[in-house]
Amino acid sequence: MSLYGLIGKKLSHSFSKKYFTEKFENEGLHTCKYELFELDSIAELSKLVHSKADIVGLNVTIPYKEVVIPMLDEVHEKAREIGAVNVIKVRDGKLIGFNSDYFGFKESLVNWVGASKLHALVLGTGGASKAVIAALKDLAIPYQVVSRKATRQTLSYSSLKETPQVLNSHRLIINTTPLGMLPQIDSAPDLDYSLISNNHYLYDLVYNPEVTRFLKMGQEHGAMIKNGIEMLHLQAEMSWKIWN
Ligand SMILES: NC(=O)c1ccc[n+]([C@@H]2O[C@H](COP(=O)([O-])OP(=O)(O)OC[C@H]3O[C@@H](n4cnc5c(N)ncnc54)[C@H](OP(=O)(O)O)[C@@H]3O)[C@@H](O)[C@H]2O)c1
């Protein structure tokens, strides 16, 4: 038996479990199993790995993607640069961390915008934002980060409203905040959507619902839109490649 699984705090609605269980069925991988492991704290990780000798791979979700790093024996260079791990490979009792969100976002963005020359606005500064920023850097796409709190590196949403030229010149807008995700479907990043035009590309990492309020408002102003489903599938397949 090869055991895979997801660690996180609250895991009632897991895309990964459904995705891998269907994959194992469809591909006749009868010795593979994917389970959910709710951990009250990340300190429980080593106990979990020691108690289940069959574990060969884990996905990591909120709130452990960053705090898991000190628990690992090795961390892949890109995951270390990002500062977040969402895939763990277990080999000879050693835990090795990777970031497949980075890969999923990068591939899906290239599939969508191709070689268009764009400047990006990245909304939010959490773990997903860090993977997005690493991908933008590697694609040589200039970016500006927007946060609820202005810092030397970030613009606030209110200052963005006071400088409309920033939205005009940054045609790729990426939502890495959880705003708009079920059940809070009426929330959206606080932008002046009247400035969005048919020159804009709005990418939402949220995939549930399929069209978030952020994407809907962009669409109403003629923007091209994309949700996080392709990224989700690409990061899951990359997890599988890493484990095997
Ligand atoms: N499609 C995929 O494959 C994929 C992969 C990873 C994540 N995601 C999705 O991406 C989203 C973010 O994930 P994450 O792990 O980075 O989450 P997170 O760390 O909880 O939040 C990301 C950032 O969003 C901003 N934010 C949070 N609450 C906000 C609010 N009420 N108003 C405005 N901004 C707020 C914060 O940035 P500031 O404090 O700087 O404002 C925060 O750091 C989630 O919905 C997740 O499901 C999708």
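Reader: In which sense do S7 and strand S8 (residues 143-147) pair, and over how many bridges?

Author: S7 and S8 pair in the parallel sense, over four bridges. Pairing here needs DSSP to find at least two bridges between two strands. Strands are DSSP runs of E with at least two residues, helices are runs of H or I with at least four, and both are numbered from the N terminus. Before we go on: this is a predicted model, where local features need pLDDT of at least 70 and side-chain atom pairs count only at pLDDT 80 or more, while totals for chains, interfaces and linings use all residues. Residue numbers start from 1 along each chain as its sequence is written.

Reader: Ok. Which residue is the bridge partner of Leu121 in S8?

Author: Gln144 is the S8 bridge partner of Leu121.

Reader: And what about the faces of strand S7 (residues 120-123), covered or open?

Author: Both faces are covered. Ala120 and Val122 are on one side, Leu121 and Leu123 are on the other, and all are buried. Buried means 20 or more other C-beta atoms within 10 Å of a residue's own, exposed means 12 or fewer, and partly exposed is in between, with C-beta atoms placed from the backbone. In general, side chains in a regular strand alternate between the two faces of the sheet.

Reader: Switching to the core. Which residues touch the most other members of the largest nonpolar core?

Author: Val85, Val122, Ala131, Val132, Ala135 and Ile174, out of 52 residues in that core. H5 gives the largest share, seven residues. A nonpolar core is a set of buried Ala, Val, Leu, Ile, Met, Phe, Trp, Tyr and Cys residues joined through C-beta atoms within 7 Å.

Reader: Where does that core lie relative to domain 1 (2-98) and domain 2 (102-231)?

Author: It lies between them, because both domains give residues to it. The domain bounds come from an automatic or database domain assignment.

Reader: What does Ala135 touch?

Author: Leaving out residues up to four places away in sequence, Ala135 touches Tyr102, Phe105, Lys106 and Leu109. Contact means that the C-beta atoms of two residues, placed from the backbone, lie within 7 Å.

Reader: How many Å separate the centres of domain 1 and domain 2?

Author: 28 Å, taken over C-alpha atoms. The contact takes seven residues from domain 1 and five residues from domain 2. On the domain 1 side, the touching residues divide into two nonpolar, one polar and four charged. Nonpolar covers Ala, Val, Leu, Ile, Met, Phe, Trp, Tyr, Cys and Pro; charged covers Asp, Glu, Lys and Arg; the others, Gly among them, count as polar.

Reader: Now the ligand. Which residues come nearest?

Author: Gly124, Gly126, Ala128, Ser147 and Gly228, out of 23 residues around the ligand. Helix H4 (100-113), helix H5 (127-138) and helix H9 (229-243) are the elements that give two or more residues to the shell. A residue counts as near a molecule or strand if its C-beta atom, placed from the backbone, lies within 6 Å of it. The shell divides into 10 nonpolar, 11 polar and two charged residues.

Reader: What's the strand order in the open sheet?

Author: S2-S1-S3-S5-S6-S4, six strands with mixed pairing. Strand S2 (32-38) and strand S4 (74-75) are the edge strands, each pairing on one side only. Strand S3 (residues 55-60) and strand S5 (residues 87-91) pair in the antiparallel sense over three bridges. Leu58 has Ile88 as its bridge partner in S5.

Reader: Which residue pairs have cis peptide bonds?

Author: Ile62 to Pro63 is cis, with omega near 5 degrees, and Pro63 is in the loop between S3 and S4. Asn208 to Pro209 is cis too, with omega near 10 degrees. Pro209 is in the loop between strand S11 (201-204) and H8.

Reader: What's phi doing at Asp92?

Author: Phi of Asp92 is near 50 degrees, a positive value in a residue other than glycine. Asp92 is in the loop between S5 and strand S6 (94-98). Most residues other than glycine have a negative phi.

Reader: Is Asp92 buried or exposed?

Author: Asp92 counts as exposed because it has 5 C-beta neighbours inside 10 Å.

Reader: And where is Ala140?

Author: Ala140 is in the loop between H5 and S8. Its phi is positive, about 60 degrees, although it is not a glycine. Ala140 is exposed, with 7 other C-beta atoms within 10 Å.
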